[in-house]
Amino acid sequence: MKPSKSITRAFCVELQQELSIVAARREYFSQEPPRARFNFLCSSEACRAQGVKITGVRYDVKPQENPTFVAAHFRANPNYEHHVDCEWVDEADTGDDKPEASETESETALRKVKRKLDDYIDVFDPALKERAKSEAVSAKPDKVIEEKPADLTPVSDTPKSKPPTETRTNNLERLVDSFRQAQAQLTKEEFALLTLRIPGQGEVSLRSYFRHIKFAQLGDERRVLYGGGLVERYGTGFKFKFFDRLQGKLVTLYVSPAQMQAYRSSRYISELLSHAEEVRFFTVFALGTLAASPSGKSVSVEIDDLRHLAIVLGPAKAANGDERTPPAPA
Ligand SMILES: [Zn+2]
């Protein structure tokens, strides 16, 4: 059978684990060059046993602002049939836009919008499990548990149609990719329909969970702050300076060399920052708190964990100039 749902996870043969495309991208760029592409199999065991391949698209391209935004995503390989029990096959879902019997009008509208995205996130859990520093160098990546949908238990009395699974993650970069695709490819009205559930915080609109730095407020700490800016390196650490000011004050985000050294994906961050000379700016997304400096002259974005930081490359510098066009607030 052919999958009818967006495939949001696959089994990576080289890493011997299931991961999202964003996690695959991070692992790809964490390799020492020359980097090898990965082979993916379907995440459903019945398919995997039959060697059903999945294609990973654009995970070998760094996240970058681009007028023709194409999100990294998984795609079914047309040469393979999936098992009837595959989690991405849904016999009840015919792919048409007819409302389902139990749906309200707004649920139908939301379902149609979700289908336009490669990786729609229902639940984002910002809580990170504490890990000892010694684990930071461990070769075992941390995404097997985090990327699982909340519920994979089939409902026994309706064997034909699988229950809708929720996409749940604590991977900020994955949420950022989904947000960027929604921003780039949906209309304003469609974008406004999208919601996100945050454990302990309830349901918010996806748009309101992201706040451009120029609209941020001190003490307002339960959102993803983002904005364009430039980076200064401090050894392996760095300081990011946002272009936009907050109440007239410079906003920075500092990551110390020690924080970088303790982070298992620091090579990926360094790889992104190594393009500083070629791009007009970086866009930083951070789940942190805003703190005024002791002098009161500047504001810093403080993050507890580098997993709460995502970096996107700005467009390449034009040959004839260096115009700055950081992304507009959503
Ligand atoms: Zn499958």
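Modeller: Gladly! Helices (H or I, at least four residues) and strands (E, at least two) are DSSP runs, numbered from the N terminus. This is a predicted model, where local features need pLDDT of at least 70, side-chain atom pairs count only at pLDDT 80 or more, and totals for chains, interfaces and linings use all residues. Residues are numbered from 1 along each chain as its sequence is written, and side-chain values use heavy atoms, leaving out hydrogens and water.

Biologist: Which are the buried residues of H3?

Modeller: Buried means under 20% relative accessible area, exposed over 50%, and partly exposed in between (1.4 Å probe, protein chains only). In H3 (residues 105-115), the buried residues are Thr108, Leu110, Arg111 and Val113. Across the chain of 330 residues, 46% are buried.

Biologist: How many of the residues of H4 are buried?

Modeller: H4 is mostly covered, with 11 of its 14 residues buried. At the N-terminal end, Asn171 caps H4, with a side-chain oxygen 3.0 Å from the backbone nitrogen of Glu173.

Biologist: Now the metal. Which residues are the protein donors of the zinc ion?

Modeller: Donors are N, O and S atoms within 2.8 Å of the metal (3.2 Å for Na, K and Ca); water is not among the atoms, so sites may look incomplete. Here they are Cys42 (SG), Cys47 (SG), His82 (ND1) and Cys86 (SG), at 2.1 to 2.3 Å from the zinc ion. Along the chain, the donors follow the spacing C-x4-C-x34-H-x3-C. Both His82 and Cys86 are buried.

Biologist: Why is the arrangement around the zinc ion tetrahedral?

Modeller: Four donors count as tetrahedral if all angles lie between 85 and 135 degrees; four count as square planar and six as octahedral if opposite donors are over 155 degrees apart and all others between 65 and 115; anything else is irregular. The 4 donor atoms here subtend angles of 105 to 114°, which makes this arrangement tetrahedral.

Biologist: What joins strand E8 to strand E9?

Modeller: Two strands pair if DSSP finds at least two bridges between them. E8 (residues 195-198) and E9 (residues 202-205) run antiparallel and are joined by 4 bridges. One of the pairs is Ile198 with Gly202. The hairpin has 3 residues between its strands, and Gly200 takes a positive phi near 85°.

Biologist: Which residues other than glycine have a positive phi?

Modeller: Most residues other than glycine have a negative phi, and most peptide bonds are trans. Gln16 has a phi near 55°, and Gln247 has one of about 50°. Gln16 sits in the loop between strand E1 (10-12) and strand E2 (17-19), and it is exposed, with a relative accessible area of 55%. Gln247 lies in the loop between strand E12 (237-242) and strand E13 (250-255), and counts as exposed because its relative accessibility is 62%.

Biologist: And where is a peptide bond cis?

Modeller: Look from Pro33 to Pro34, where omega is near -5°. Pro34 is in the loop between helix H1 (21-29) and strand E3 (40-42).

Methods:
A polar contact is a pair of N or O atoms within 3.5 Å; within protein, one must be able to donate a hydrogen and the other to accept it, and residues adjacent in sequence count only if both atoms are side-chain atoms.
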